Amino acid sequence: VFTLLLAWIHGDPRKVIYPTDSYGQFCGQPGTPNENKAILFYFNILQCANPAVLINLQCPTTQLCTSKCPDRFATYIDMQYNYRYNRSYWEYYRQFCKPGFDNPRKSVSQVLRDEDCPSMIVPSRPFLQRCFPDFITRNGTLTVANKTDFKDGLGKTRSVTDLRDAANQVTTIQQGGDSGINSLLDTKEWGVKIFEDYASSWYWILTGLVIAMVVSLAFILLLRFIAGVLLWIIIFGVIAVIGYDALCALMWVAGIFHCYWEFSTLRSKPDAGITIYDIGFQTDFRVYLQLSQTWLIFMISLCVIEVIIILVLIFLRNRIRIAIALLKEGSKAIGFIMSTLLYPIITFLLLAICITYWAVTAIFLASSGNAVYKVMFTQSGCVYSNLTCDPETFDQSDVTKVCPGAQCTFAFYGGESLYHRYIFILQLCNLLVFLWLVNFIIALGQCTLAGAFASYYWALKKPADIPPWPLFSSFSRAIRYHTGSLALGSLILAVVQVIRIILEYLHHKLKGAENSFAQFLLCCLKCCFWCLENFIKFMNRNAYIMIAIYGKNFCSSAREAFFLLMRNVLRVAVLDRVTDFLLFLGKVLVAGSVGVLAFFFFTCKIPIIQQEVPSLNYYWIPLLTVIFGSYLIAHGFFSTYAMCVDTLFLCFLLDLEKNDGSTSRPFYMTRSLRKILNKKKNRRKEK
């Protein structure tokens with residue numbers, strides 16, 4: 001809040017929205033003389049080609065607000081000559097002169113010295129609210145209004161490439177990078193076509209996203225029936241892929257057999273005794289395929305991997321069955337508490353508010369500078385050039401006497417006060433608050449969903465004992481009792497994320513440096529903090545589940561969750577991998593199926609509705625939008641499902657530790673889970 005107040009007091013978003021002329025006035029701002037003049041015009045854009053522009057961040061030419069850009073080539077000398085015969089030349093030219101100047105007979109040298117009017121105008125079009133020459137490439141030749149050269153109004157003939165270089169310098173200043181005007185204009189034209197495609201296909205894009213919602217919901221509800229079959233298909237598919245060699249066979253043992261066959265064939269050749277050590281390192285890896293030793297290594301490696309996977313499946317088969325049962329139970333829980341599928345919408349709206357808050361604060365902070373004016377002198381030799389000045393007292397200073405024709409013009413926004421020196425720190429604070437709020441909203445959603453699904457698990461008779469409005473009740477408890485715990489966990493994660501962002505920034509700055517040790521150290525730090533961030537996310541998630549179950553504080557819940565998971569580490573590993581498998585498969589299935597349908601539709605491959613297909617510039621724009629949107633929708637639905645499975649899993653572990661299935665301490669788990677445990681106990685008794 002403190003950062004927002006400071007930004008609100010000192011910031012002015014108009015500095016970002018509107019361009020500023022040489023007198024510090026905003027172009028196009030309502031309620032000002034420039035209200036109908038929204039475009040910034042450069043008197044002599046050729047002056048911007050000076051390399052010093054990038055150092056001083058100022059183009060040394062007068063900049064005025066105009067209502068439109070020039071549409072023809074003209075010079076002040078030609079205008080003055082034609083003015084004697086036709087006053088319309090002056091009426092057109094004067095709109096690009098200083099306001100109030102109305103003396104077309106003033107000598108050219110004095111006009112150019114005082115910069116009352118531009119020495120020339122060129123056909124331009126508005127871009128980024130500024131007038132840039134209207135470049136067109138014809139047959140590989142750069143032209144402006146079908147011309148490759150023009151008069152600069154100073155007695156010289158210049159090439160349009162000079163205009164391009166000057167425009168590139170201007171866009172570099174405005175964009176803070178090295179983007180050229182040509183690429184920016186091409187980007188604008190491309191953006192217009194994309195906007196047209198969205199305008200003509202938005203209805204069908206929304207239809208595709210609705211289909212993605214329906215498919216995601218159906219997939220989650222069907223998991224109670226197909227989770228087991230789907231998982232075993234995936235597991236045996238992995239085994240088949242590892243044992244499969246696409247060059248020879250379609251059976252999983254063919255890969256190992258092919259390695260053995262190659263080994264036997266090469267071993268019978270005269271040079272079979274040559275080893276990998278003998279030939280050393282080779283850039284052409286096909287050389288190694290000619291050695292029998294290479295295929296022997298492949299065969300042994302594949303056999304070892306196959307044996308390991310099969311042994312793991314044999315020893316973990318019961319834990320895999322429990323994981324499948326929990327996945328089915330998660331689907332049932334969502335079926336009983338359907339409102340949980342709508343909670344991601346609330347999370348999305350809250351995240352949108354946070355992003356808006358951060359963006360507004362960042363814009364206010366970025367626009368907190370005061371207007372800085374500098375002395376501008378078009379000729380060389382003025383000792384006061386590029387020095388700061390005050391426009392109110394400039395006419396009474398010695399600068400105008402030493403450098404006749406010098407002007408005090410607006411350069412940029414900045415400042416030297418204590419506040420302005422710490423704007424970067426305030427931006428970092430704003431970033432920290434933003435990440436904190438985002439993580440808090442995610443934590444609130446996880447705790448709310450965990451409370452709702454925990455109320456399902458701990459209901460002895462399902463669904464009769466499930467309390468009414470479980471999602472709303474869980475949300476109320478989280479807001480009323482657990483705000484501090486959620487804020488603490490979110491803050492810890494936000495601090496680590498800010499450190500990661502700073503490390504990425506330093507790594508980007510040191511990319512061109514020759515200090516290899518510093519780069520190595522940064523890479524190690526980035527890796528460590530990445531691991532730390534993921535570990536904190538994992539622990540926070542389980543801590544929030546424990547908070548929802550027992551209502552304890554964050555530290556106690558995190559400690560209990562950690563030791564509970566460590567006591568069941570194999571079950572945790574199996575469940576995580578199984579859940580990741582199924583959810584990833586579900587996301588790909590939803591995005592892929594809807595994407596294929598959208599592809600056939602937008603490419604007119606569906607005969608029934610060919611007439612409804614809109615005319616598009618790029619059919620892949622709405623196609624990619626549908627695919628990406630479908631993936632996000634599936635991710636939203638499946639994140640709820642993953643939270644459900646994790647909550648039921650922790651409840652299941654607590655149920656096993658605290659209850660024994662007796663009348664006094666009955667299990668709360670469902671019959672399917674109880675059957676698996678009973679089979680396991682019976683085997684132990686038999687042994």
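On the surface of this structure, Tyr 422, Phe 424, Ile 425, Ile 502, Tyr 505 and Leu 506 form a nonpolar patch, and together they have about 580 Å² of accessible area. The elements that give two or more residues to this patch are helix 16 and helix 18 (483–509), and helix 18 supplies the largest share, three residues. The word patch follows a rule here: its residues have over 30% relative accessible area and no salt bridge, with nonpolar side chains (Val, Leu, Ile, Met, Phe, Trp, Tyr) joined within 5 Å and like charges joined within 9 Å. A salt bridge, in turn, is a side-chain nitrogen of Lys or Arg within 4 Å of a carboxyl oxygen of Asp or Glu, and the areas come from the Shrake-Rupley method with a 1.4 Å probe, where for residues only the protein chains shown count as cover.

The model is a predicted one, in which local features need pLDDT of at least 70 and side-chain atom pairs count only at pLDDT 80 or more, while totals for chains, interfaces and linings use all residues. Residues are numbered from 1 along each chain as its sequence is written, and side-chain values use heavy atoms, with hydrogens and water left out.

We turn next to the cysteines. A disulfide is a covalent bond between the sulfur atoms of two cysteines, and for this model a disulfide is taken to be a pair of cysteine sulfur atoms within 2.5 Å. The structure holds four disulfides, and one of them joins Cys 27 to Cys 65, with an S to S distance of 1.9 Å. This link is left-handed, with -75° about the S-S bond. Cys 27 lies in the loop between helix 2 (14–17) and strand 1 (39–42), whereas Cys 65 lies in strand 2 (residues 63–66), so the pair ties together parts that are 38 residues apart in sequence. Both Cys 27 and Cys 65 are buried.

Another disulfide joins Cys 69 to Cys 131, with an S to S distance of 2.1 Å, and with -95° about the S-S bond it is left-handed. This pair links distant parts of the chain, with Cys 69 in the loop between strand 2 and strand 3 (74–75) and Cys 131 in strand 6 (residues 130–133), 62 residues apart.

Cys 97 and Cys 117 also form a disulfide, and their sulfur atoms are 1.9 Å apart. Here the torsion about the S-S bond is about 115°, so the disulfide of Cys 97 and Cys 117 is right-handed. Cys 97 is buried, with a relative accessible area of 6%, and Cys 117 is buried at 2%.

The aromatic rings complete the tour. A pair of aromatic rings is described by the distance of the centres and the angle of the planes. Rings of Phe, Tyr and Trp (its six-membered ring) pair if their centres lie within 6.5 Å, and planes under 30 degrees apart count as stacked, over 60 as edge-to-face and the rest as tilted. By this rule the count comes to 18 aromatic pairs. The rings of Phe 41 and Phe 96 have their centres 5.2 Å apart and their planes at 45°, so this pair is tilted. It links distant parts of the chain, with Phe 41 in strand 1 and Phe 96 in the loop between helix 5 and helix 6, 55 residues apart. Phe 41 counts as buried at 4% relative accessibility, and Phe 96 is buried with a relative accessible area of 1%. Elsewhere, ring pairs link Trp 202, Tyr 203, Trp 204, Phe 601 and Phe 602 into a cluster.

Conventions: Helices (H or I, at least four residues) and strands (E, at least two) are DSSP runs, numbered from the N terminus. Buried means under 20% relative accessible area, exposed over 50%, partly exposed in between (1.4 Å probe, protein chains only).
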